[in-house]
Amino acid sequence: MKPVDRHLADILAVVRPLAPLEVEIDTALGAVLAEDVASPVPLPPFDNSAMDGYAVRAEDVAGAPVTLPVIGDVAAGDGGLNAVGPGLVARVMTGAPMPAGADAVVPVEWTDGGTARVRIDRPAPPGNAIRRAGEDVLAGETVLREGARIGAAQVGILAGAGRRRVRVRPRPRVVVISTGAELAEPGTPLGAGQIWESNSFMLTAAVREAGADAFRAGSVSDDPKEFLDVLDAQLLRADAVITSGGVSMGAYEPVKEALSPLGTVAFEKVAMQPGMPQGFGVVGPDRVPIFTLPGNPVSSFVSFVLFVRPALRAMQGLPVGPPEAVRATVTAPLRSPAGKRSYLRAVLTGRTVAPVTGQGSHQLAALAAANALIVVPEDATSLPEGAEVEVIPL
Ligand code: AMP
Ligand code: MG
């Protein structure tokens, strides 16, 4: 059997980062920056008031309470160059440019709010409530670096620095196809021998959680021809394809039967539990990577975490390593098959980890109740309660 690490290494040797392209910032969420972004101007671009209040000369209010004449208003967006002379004040709003001559803002709360004359009850030191030009970002300063994942705050600073378009590695477009004659769409009644189809929904969600775009192509029966037709139709829009089911040792294994003759997809036994039957390769003229995951739902899920998620990161130009793991003490004895690395579903609480009841690869409810995978190494067949184990948080 092939070691888990070698299977991942083989996958990562094939997948390539997607070519960068320029997108509008309002479609950039979830993409990864393919350039450094600098601000062309300082941010804020000019000194402005941090509060609604009065722009003053600090020395004029040092002896507060004082009453001073108000020469006018400066609103946010005003470009006019007001100046405040000695003994005078201007009413200013938050975000308004500081009038020349003023060196402090007195918040309206410290005054009687007057419009012709204002009584100021408290002194304000020089610089009070002023946001200085460049105190967030200097002109020319880099605000985001290549390789950063674009979340909401990153979209914010792109816009805030005046960028409308940005160069990114796009979210990979991933098509998910499940196979199985026994599968009924959730929301429809179950016939004899049927189960509700869950993998395509779960894997589609997993793809989205991984920052990629997912297209659920639904499920096909166990006819290799039907599978190939669906695959063909979907390839056009795919940067990667995930299939579930149809790759093990039985009869009616449509994925294996359809793809084996192509010679570009290897079907192998990987030394892991759950998830032993794995396939990976490329399909179509564009050599689109395809992950053929086993059909048991927990096997599919674990395979996604171990193999597909790192590959999606690589396609986005992000650094790839083994899944992040922590160490914890296990609350019950564990068993594991010799020669295979086990990924046991578990609940991690602080530094202790409890395996859930129901470690079968079909036991999806147990997976849904878990928040972590305990990793039991290939050479261990049992571990006592209290052993320290490696845990992958989910
Ligand atoms: P297979 O890998 O096709 O032999 O399927 C292994 C097991 O997983 C069988 O019990 C299938 O019924 C089940 N299975 C396969 N595909 C799905 C799916 N999409 N949703 C839920 N269970 C599935
Ligand atoms: Mg099947």
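**Around the ligand**

Analyst: The shell around ligand 1 is made up of four nonpolar, 10 polar and two charged residues. Keep in mind that this is a predicted model.

User: OK. How many residues surround ligand 1, and which are the closest?
Analyst: There are 16 of them. The closest are E182, E197, S198, G246 and G295.

User: What does E197 do at ligand 1, in terms of distance?
Analyst: One of the polar side-chain atoms of E197 is 2.8 Å from a nitrogen atom of ligand 1.

User: And which part of N199 comes up against a nitrogen atom of ligand 1, backbone or side chain?
Analyst: The backbone. A polar backbone atom of N199 sits 3.4 Å from a nitrogen atom of the ligand.

User: What about G295?
Analyst: That's a backbone contact too. An N or O atom in the backbone of G295 is 3.0 Å from an oxygen atom of ligand 1.

User: How much of ligand 1 does the protein bury?
Analyst: 77% of its area. On its own, ligand 1 exposes 480 Å².

User: Which elements give two or more residues to that shell?
Analyst: Two strands: β13 (173–179) and β15 (195–196).

User: Where does ligand 1 sit, as pockets go?
Analyst: In the largest pocket.

User: New topic. What order do the strands have in the open sheet of three?
Analyst: The order is β1-β12-β2, and the pairing is antiparallel.

User: Why do β1 and β2 each have a side without a neighbour?
Analyst: Because β1 (21–24) and β2 (32–33) are at the edges of the sheet. Each has a single partner strand, so one side is left without a neighbour in the sheet.

User: How many bridges join β1 to β12?
Analyst: Four, with the two strands running antiparallel. β12 covers residues 165–169. As an example of a bridge pair, E22 has R167 in β12 as its partner.

User: Now the backbone. What kind of peptide bond joins L43 to P44?
Analyst: A cis one, with omega near -10°. P44 is in the loop between β3 (37–38) and β4 (48–49).

User: And what about A64 and P65?
Analyst: Their peptide bond is cis as well, with omega about 5°. P65 lies in the loop that runs between α2 (58–61) and β6 (66–74).

User: Why point those out?
Analyst: Because most peptide bonds are trans.

User: What is phi for A129?
Analyst: Near 55°, a positive value in a residue other than glycine. Most residues other than glycine have a negative phi. A129 belongs to the loop between β9 (117–120) and β10 (130–131).

Conventions
Residues numbered from 1 in each chain as written. Chains lettered and ligands numbered in written order. Predicted model: local features only at pLDDT ≥ 70, side-chain atom pairs only at ≥ 80, totals over all residues. Heavy atoms only, no water. Pairing = 2+ DSSP bridges. Near = heavy atom within 4 Å. Polar contact = N/O pair within 3.5 Å; in protein donor to acceptor, adjacent residues only side chain to side chain. Areas by Shrake-Rupley, 256 points an atom, 1.4 Å probe, with all protein chains shown as cover. 1 Å grid on protein atoms, 1.4 Å probe; cavity = no way out; pocket = protein on both sides within 12 Å on 5 of 7 lines; lining within 4 Å. Sits in = over half its atoms within 2 Å of the grid points. Nonpolar A, V, L, I, M, F, W, Y, C, P; charged D, E, K, R; others polar.
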